[in-house]
Amino acid sequence: MWIGAASVALVGLGLGTAPATGAKPPKVGGCRVFPAFKGPATAHSAAKQTAWNQDVSRAPIDPSSNGYIDRITGLGGNQVVHPDFGGNGAYGIPYTTVGRDQRRVRVKVTGYPDESDFGRAPIPPRAPIENGSDRHVLVLQRHRCDLFEMFAAHYVGGRGHRWKAASTARFDLRSTRLREYGWTSADAAGLPILPGLVRYGEVRRGHVRHAIRVTFAETRRAYIHPATHYASDQCDADLPPMGLRLRLRRGYFRANLHRFPRGSQSRVIFKALFHYGIINADNGGEGANWFITGASSKRWKDGDLNRLKTVPGTAFAVVRSRAEIRTPC
């Protein structure tokens with residue numbers, strides 16, 4: 001991560017039921033994860049946090065879609081959907097929930113204090129930390145519905161059960177409010193992480209009703225709301241800005257849904273890639289294009305998830321956004 005300055009219709013034609021723009025937002029720990037999107041099925045992708053819960057299967061396509069897809073293809077590296085979770089829980093980003101009375105402890109912000117939200121937070125001493133270099137920690141406080149996220153987090157311990165992190169971000173899941181323009185979060189795009197994770201429980205219940213977090217190897221020095229931060233010094237207009245939203249093309253979805261068996265984890269996710277799509281949230285590192293993120297769990301079936309690796313990036317189209325691109329370029 002380089003940081004600098006989402007029920008009305010069915011798809012029909014045998015494609016199965018899927019919640020549309022009027023669907024209820026997903027819940028985690030009893031909290032709705034951001035308010036429901038309220039708008040027509042043909043609306044542009046929203047510029048607020050409701051975008052996570054917006055069905056964009058009928059939203060208009062961005063006129064620059066082909067240019068974006070061609071540029072991402074030209075990056076080389078991985079060029080198919082890559083579920084970056086599974087491996088008996090070794091991959092993915094963990095999260096935990098705590099009660100309203102969880103003790104608040106001190107968090108020392110070591111990297112980006114001017115763009116961070118909290119110095120004290122209800123982070124338990126055994127909060128799970130993501131494997132790998134990003135070391136994300138995600139904590140949802142039930143009842144209050146506050147989400148606390150940290151990047152490059154380390155438990156310090158001591159009498160105060162202290163933590164340190166490079167950056168921190170707090171989100172009120174009942175609000176559509178964005179972060180300050182130009183601010184990062186625990187993710188390079190200034191977006192929350194938890195709302196974009198594919199979670200085992202929702203897949204088991206048969207529906208992922210939100211957009212999914214995705215990374216690309218290279219991004220543009222630009223962002224589109226609900227993102228608030230860019231993480232690149234490159235001005236190439238065809239590179240994906242942070243917050244760019246994509247979904248599967250209707251023709252590809254219709255022609256390939258049968259390849260994902262009913263009742264499988266991969267089928268639920270494949271349908272979400274069409275209805276809710278993906279939102280660019282971070283730089284994935286060399287070759288890491290089309291990496292979609294899920295919560296870590298030992299219940300993921302890797303052999304089933306691998307079916308998603310047959311979906312090429314060229315099957316996606318960029319969704320038109322209500323927000324303008326913000327860039328210094």
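Which residue with a positive phi follows α1? The legends below answer this and describe further close-up views of a predicted model.

**View 1. Helix α1 and the residue that follows it.** Helix α1 spans residues 65-74, and its buried residues are Ser-65, Tyr-68, Ile-69 and Ile-72. Viewed along the helix axis, these buried residues fall within an arc of 95°, and therefore they line one face of α1. An α-helix has 3.6 residues a turn, so residues three or four places apart point the same way. The buried residues of α1 pack against β12, β13 (245-248) and β16 (316-318). On the face turned away from the buried side, α1 carries the exposed residues Asp-70 and Gly-74. The residue that follows α1 is Gly-76, with a positive phi near 75°.

**View 2. The largest pocket.** The space in the largest pocket amounts to about 550 Å³. Its lining is made up of 30 residues, of which Asp-84, Tyr-91, Gly-92, Glu-130 and Phe-291 are the closest to the centre of the pocket. At least two lining residues come from each of β3 (82-83), β12 (212-216), β14 (278-283) and α5 (302-305). Sorted by class, the lining of this pocket contains 14 polar, 9 nonpolar and 7 charged residues.

**View 3. The second largest pocket.** The volume of the second largest pocket is about 270 Å³. Among the residues that line this pocket are Arg-170, Arg-177 and Arg-179, together with Asp-117, Asp-172 and Glu-180. Phe-171, Leu-178, Trp-183 and Ser-175 also belong to the lining. By class, the lining comprises 6 charged, 3 nonpolar and 1 polar residues.

View 4. Leu-173 is found in the loop between β11 (167-172) and α2 (200-205). With a relative accessible area of 1%, Leu-173 counts as buried because this value is under 20%. Leaving aside residues up to four places away in sequence, Leu-173 touches Cys-31, Arg-32, Val-33, Phe-34, Pro-35, Leu-140, Cys-145 and Leu-147. Pro-328 is 155 residues from Leu-173 in sequence, and the two C-alpha atoms are 30 Å apart in space. Ser-185 also lies in the loop between β11 and α2. The relative accessibility of Ser-185 is 0%, so this residue is buried. A polar atom of the Ser-185 side chain lies 2.8 Å from the backbone oxygen of Leu-191.

**View 5. His-275 in helix α4.** Helix α4 covers residues 265-275 and includes His-275. Is this histidine, His-275, buried or exposed? His-275 has a relative accessible area of 4%, so the residue is buried. Its side chain makes a polar contact of 3.0 Å with the side chain of Asp-55.

View 6. The peptide bond that joins His-225 and Pro-226 is cis, with omega about 15°. Pro-226 is located in the loop between β12 and β13. Ala-152 is a residue other than glycine with a positive phi, near 55°, and lies in the loop between β8 (146-151) and β9 (154-157). His-161, likewise a residue other than glycine, has a positive phi near 50°. The loop between β9 and β10 (162-165) holds His-161. With a relative accessible area of 29%, His-161 is partly exposed.

How values were computed:
Residues numbered from 1 in each chain as written. Predicted model: local features only at pLDDT ≥ 70, side-chain atom pairs only at ≥ 80, totals over all residues. Heavy atoms only, no water. Helix = DSSP H or I, 4+ residues; strand = E, 2+ residues; numbered from the N terminus. Buried < 20%, exposed > 50% of the residue type's maximum accessible area, 1.4 Å probe, protein only. Polar contact = N/O pair within 3.5 Å; in protein donor to acceptor, adjacent residues only side chain to side chain. 1 Å grid on protein atoms, 1.4 Å probe; cavity = no way out; pocket = protein on both sides within 12 Å on 5 of 7 lines; lining within 4 Å. Points joined across faces, edges and corners; volume = space filled by probe spheres on them. Nonpolar A, V, L, I, M, F, W, Y, C, P; charged D, E, K, R; others polar. Arc of directions from axis to C-beta. Contact = heavy atoms within 4.5 Å.
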